[in-house]
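The questions below ask on what grounds each label is given, and the answers set values against definitions.

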Amino acid sequence: LFDDYRRSDSRNLLYCSGHLLLKSPLSPPFNKGGMGGFKGVGFMTILGIPILSLLIFFPLAGAVVLIFIDKEKAETLRVVTLILALVEFIVSLPLFFAFDSKTAAMQFVEDWWWVESYGISYKLGIDGISLLLVLLATFLTVLCILCSWRAITFRVREYMISFLFLETGMIGALVALDLILFYVFWEVMLIPMYLLIGVWGDPR
């Protein structure tokens, strides 16, 4: 499945590009300077969007959609959120089928400079452990939405938005390969978690 391997000149690490969906170009542009510069690492894409970034930001985009739905339409909010969670889970499945268990290298790597002067990059990737954790997170999100279907009866829109925001933070923290990026996603995850526990949590 992964038969095209390239070596990144910047870090001398071996990466692989997937063939299950769309494949990144064999010779991507290489940029060693400037903020946001592409660092020459291949990644798996869906409709031209890197799959890990799609998994991170799709729930966030879904949360924005929920803002424009009337808060009084609780059932509609639940259904839309469930659909979004199911799509997220389905999108995560190709990671499992395209994962190459024969290599110890990080896979589906995305690597751009974020703040090059401080050595901070937007670098994502998964190994065998984080692969299972990502699948678990997307699957449990669907279950949590279903379990809260009748349990959450007030501020349903805010609850669903918080849950999708939480999923963005969880996936980001699981796939981040840069310490600063991991910290950002970790803090993003804590905000909706605090709201979910404080507003909708049981008093006990």
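Q: Which residues of α5 are buried, and what makes them so?

A: This is a predicted model, in which local features need pLDDT of at least 70 and side-chain atom pairs count only at pLDDT 80 or more, while totals for chains, interfaces and linings use all residues. Residues are numbered from 1 along each chain as its sequence is written, and side-chain values use heavy atoms, with hydrogens and water left out. In α5 the buried residues are Leu 181, Phe 185, Met 189, Pro 192, Leu 196 and Trp 200, where buried means under 20% relative accessible area, exposed over 50% and partly exposed in between, with a 1.4 Å probe and protein chains only. They cover an arc of only 70° around the axis, taken from the directions from the helix axis to the C-beta atoms, and therefore lie on the same side of α5. On the other side of α5, Leu 179, Tyr 183, Ile 191, Tyr 194, Ile 197 and Gly 198 are exposed.

Q: What covers the buried residues of α5?

A: The cover includes α1 (51–67), β6 (107–115), β7 (120–126) and α4 (156–175), a contact being heavy atoms within 4.5 Å. Helices here are DSSP runs of H or I with at least four residues, strands are runs of E with at least two, and both are numbered from the N terminus.

Q: How do you know that the span of helix α5 agrees with its number of residues?

A: The expected span is 1.5 Å times one less than the number of residues, so the 22 residues of α5 (residues 179–200) should span 32 Å, and the end C-alpha atoms, 31 Å apart, agree with that.

Q: Which residue caps the N-terminal end of α3, and by what distance?

A: Asp 127 caps that end of α3, with a side-chain oxygen 3.2 Å from the backbone nitrogen of Ile 129.

Q: Why are the buried residues of α3 placed on the same side of the helix?

A: The buried residues of α3 are Ser 130, Leu 131, Val 134, Leu 135, Ala 137, Thr 138, Thr 141, Val 142 and Ile 145. They cover an arc of only 150° around the axis, and so they fall on the same side of α3. Ile 129, Leu 132 and Cys 147, on the other side of α3, are exposed. What covers the buried residues of α3 includes α1, α2 (74–98), β7 and α4.

Q: Why is Leu 140 called partly exposed?

A: Leu 140 has a relative accessibility of 37%, and therefore counts as partly exposed. Leu 140 belongs to helix α3, and Leu 140 and Ala 85 are 55 residues apart in sequence and 9.4 Å apart in space, C-alpha to C-alpha.

Q: What is the phi of Phe 108, and where does Phe 108 lie?

A: Most residues other than glycine have a negative phi. Phe 108, although not a glycine, has a positive phi of about 55°; Phe 108 lies in strand β6 and, at 1% relative accessibility, counts as buried. Arg 155 also has a positive phi, about 50°, although it is not a glycine. Arg 155 sits in the loop between α3 (128–147) and α4 and is exposed, with a relative accessible area of 53%.

Q: Why is the aromatic pair of Trp 112 and Tyr 122 called tilted?

A: Rings of Phe, Tyr and Trp (its six-membered ring) pair if their centres lie within 6.5 Å, and planes under 30 degrees apart count as stacked, over 60 as edge-to-face and the rest as tilted. By this rule the count comes to 7 aromatic pairs. Trp 112 and Tyr 122 are 6.0 Å centre to centre with 45° between the planes, and so the pair is tilted. The pair links distant parts of the chain, with Trp 112 in strand β6 and Tyr 122 in strand β7, 10 residues apart.

Notes: A polar contact is a pair of N or O atoms within 3.5 Å; within protein, one must be able to donate a hydrogen and the other to accept it, and residues adjacent in sequence count only if both atoms are side-chain atoms.
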